[in-house]
Amino acid sequence: MTTSVDVTVLADLLRRAAKAEILPRFRRLRRDEVRAKSEATDLVTEADEQAERMIKAEAHRLWPDALFLGEESVAADPTLLGRLADADLAIVVDPVDGTFNFAAGIPAFGVMASVISGGKTIAGIIYDPMGDDWVMAEKGGGAWLRRPDGEAQRLQAAEPVALDQMVGMASTGYLPVEKRAEVLGNLAKVRFLTNYRCAAHEYRTLAGGHVHYLMYNKLMPWDHLAGTLISQEAGAYAARFDGSPYLPRHLDGGLLIAPDKASWDTLRREVVTI
């Protein structure tokens, strides 16, 4: 039984897939290579599918006993999601996070992977194909910005600030309709609100200490497992809206990340009134 995944090997695999299948298609997609899934803004492209196919094949070769869970694999077979909670070892991949941006020719997209063992996230990787570097973490080892030449820089979340000075990102599109206007109104209490439409870059920005909060409601594992671990290893505090830890099996319940527990409590009380 394969009991571990070499994170540096997995990180290199994401890079190779990006160079082979994603970057050659950036701003070169034909109309028939972009398709809508659940709605007009939920897209899949030939780059997503081919990159995941390459990553999946190589992951199966390197770690044959690991469950492979990719966004496009689950789109084809939703029953795969139910296997994650009980998997001894799993690799979760988002081949192109920020597909809407990618399809629109906006250079804000990433490739993400996480490693799950015994129902917990033990490693996370976010690769930026445009910048050619990784933000990554292994549980207990801190969060790092790593470059192909071997340079590494340890990341640290931002220092806490007052609510009216907080800058961050919130994804409000999946909030309950009856609460969306209320939360959007509450967000007027912070200094600045934005949304990159790309969790990969939002997590990288928070782990680098550039923003103070992230808020999400829909929790698909390929979108949030890697980034949450990286944020925590950079010193941030993360929990679902009810205060419970976010685990790989969770698909809902919201997620709020802040520099520390006190900041999290303030945001939960004043902004995320769900």
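**Notes on the predicted model**

1. Arg147 is partly exposed, with a relative accessible area of 28%, where buried means under 20% relative accessible area, exposed over 50% and partly exposed in between (1.4 Å probe, protein chains only). Its side chain meets that of Glu151 in a salt bridge at 3.1 Å, N to O, a salt bridge being a side-chain nitrogen of Lys or Arg within 4 Å of a carboxyl oxygen of Asp or Glu. Glu151, at 42% relative accessibility, is likewise counted as partly exposed.

2. On the basis of the notes: this is a predicted model, in which local features need pLDDT of at least 70 and side-chain atom pairs count only at pLDDT 80 or more, while totals for chains, interfaces and linings use all residues. Residues are numbered from 1 along each chain as its sequence is written, and side-chain values use heavy atoms, with hydrogens and water left out.

3. The whole structure contains 16 salt bridges, among them one between the side chains of Glu71 and Lys37 (3.4 Å, N to O). Glu71 lies in helix H3 (residues 71-76) and Lys37 in the loop between strand E1 (34-36) and strand E2 (43-45), so this pair ties together parts that are 34 residues apart in sequence; helices (H or I, at least four residues) and strands (E, at least two) are DSSP runs, numbered from the N terminus. Glu71 is buried at 15% relative accessible area, whereas Lys37 is partly exposed at 30%.

4. Within helix H8 (residues 261-270), Lys261 and Asp265 are 4 residues apart, about one turn of the helix, and their side chains form a salt bridge of 2.9 Å, N to O. Lys261 is partly exposed at 39%, as is Asp265 at 29%.

5. Helices H1 (residues 7-22) and H2 (residues 46-62) pack at about 145°, with axes 9 Å apart; the axes are lines fitted to C-alpha atoms over the stretch in contact, and angles run from 0 to 180 degrees between N-to-C directions. The contact (heavy atoms within 4.5 Å) includes Leu13, Arg16 and Ala17 of H1 and Ala51, Met54 and Glu58 of H2. Arg16 and Glu58 also belong, with Asp12 and Arg61, to a network of salt bridges.

6. Asp132 is in the loop between strands E6 (120-128) and E7 (133-138), while Arg197, partly exposed at 40%, is in the loop between strand E11 (192-194) and helix H6 (199-207).
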